[in-house]
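Biologist: I am new to this structure and would like to go through it step by step. Could you take my questions one at a time?

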Amino acid sequence: MSDKIVNVGTVQMSCSPDYSQNLTKASDGIRKAAAKGADIVCLQELFTSLYFCDVEDHDNFKLAEAIPGPSTDHLSALSKELGVVIIASLFEKRTSGIYHNTTAVLDADGAYLGKYRKMHIPDDPGYYEKFYFTPGDLGYKVFKTKKVTFGVLICWDQWYPEAARITALMGAEILFYPTAIGWAASQDEKTNAEQFNAWQIIQRSHAVANGVHVVSVNRVGFEQNGAMKFWGGSFVSNPFGTVIYQAPHDQEEIQVTPLSLADSDRYRTHWPFLRDRRIDSYQPITRRFIDE
């Protein structure tokens, strides 16, 4: 692990039904983060539209685009201009009938480095993602940028320690999670707090178990005609699970957080979880359930 400092920008924003408006807002956020010294800027999940998976509507497939495509072309020019790495979550049209929830990575010189396709796809009230997204088939990915080597996972992937572990074992120095999660507006505050805490704790546990920083970027604001309040709360955790930055729940915020990559070496040598892994005993993890 490097001893350098990497400045990570997070753009927490609300979205509208207008693609151009959302792309402009995200681009402005990237510019502001770059002006604050960001080396990498991560955008939230599916930032070019409202979160459309609250309903099963075939017209929503029209929101998808090729990757590389118009959005990555725009962001590539921006990354080259500003000299920052951009992590951009998009609705990918692979071909007719095959769509993915995908994150593209643009290097600091504007080069398109590739994409990660979301592996874990939820299907719950208000989150009907299986209707839209084919599970990822590229495997877990790391991206070796001019600034740092990192891994990207997406939203529902957050709940799976296997995904974080594999990505970390591939050499990721930071785990990024673009996400879109919120509270039903009808819920009580106790339920809201419990859900947010679980969401943050599971991601902080990935930081601890793997000895890497975790950066999670969520959207904010009311959608679904006021029925859903996306809870914001974007945060950065150090490699021992300490939250070193957290955004508010009810407003947009652009933040730049310095990360010391040397922290990973310090925590990994003092708490050597990777050293003590019993990889010879883990074969049962590939079974759906161990019942016989």
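Biologist: How do the residues of the lining of the largest pocket divide into nonpolar, polar and charged?

Modeller: This is a predicted model, and in it the largest pocket holds about 260 Å³ of space. Its lining is made up of 13 residues, and P161, E162, R165, R277 and I285 are those that lie nearest the centre. Sorted by kind, the lining residues come to 7 nonpolar, 3 polar and 3 charged.

Biologist: Which element gives the most to the lining of the largest pocket?

Modeller: The elements that give two or more residues to the lining of the largest pocket are α3 (161–169) and α4 (189–210). The one that gives the most, with 6 residues, is α3.

Biologist: Which strands stand at the edges of the open sheet?

Modeller: The open sheet is formed by 3 strands in the order β9-β12-β11, with antiparallel pairing. A strand with a single partner is left without a neighbour on one side, so the strands at the edges are β9 (182–184) and β11 (220–223).

Biologist: What is the bridge partner of V220 in β12?

Modeller: β11 pairs with strand β12, residues 228–231, in the antiparallel sense over 4 bridges. The residue of β12 that is the bridge partner of V220 is W231.

Methods: Residues numbered from 1 in each chain as written. Predicted model: local features only at pLDDT ≥ 70, side-chain atom pairs only at ≥ 80, totals over all residues. Heavy atoms only, no water. 1 Å grid on protein atoms, 1.4 Å probe; cavity = no way out; pocket = protein on both sides within 12 Å on 5 of 7 lines; lining within 4 Å. Points joined across faces, edges and corners; volume = space filled by probe spheres on them. Nonpolar A, V, L, I, M, F, W, Y, C, P; charged D, E, K, R; others polar. Pairing = 2+ DSSP bridges.
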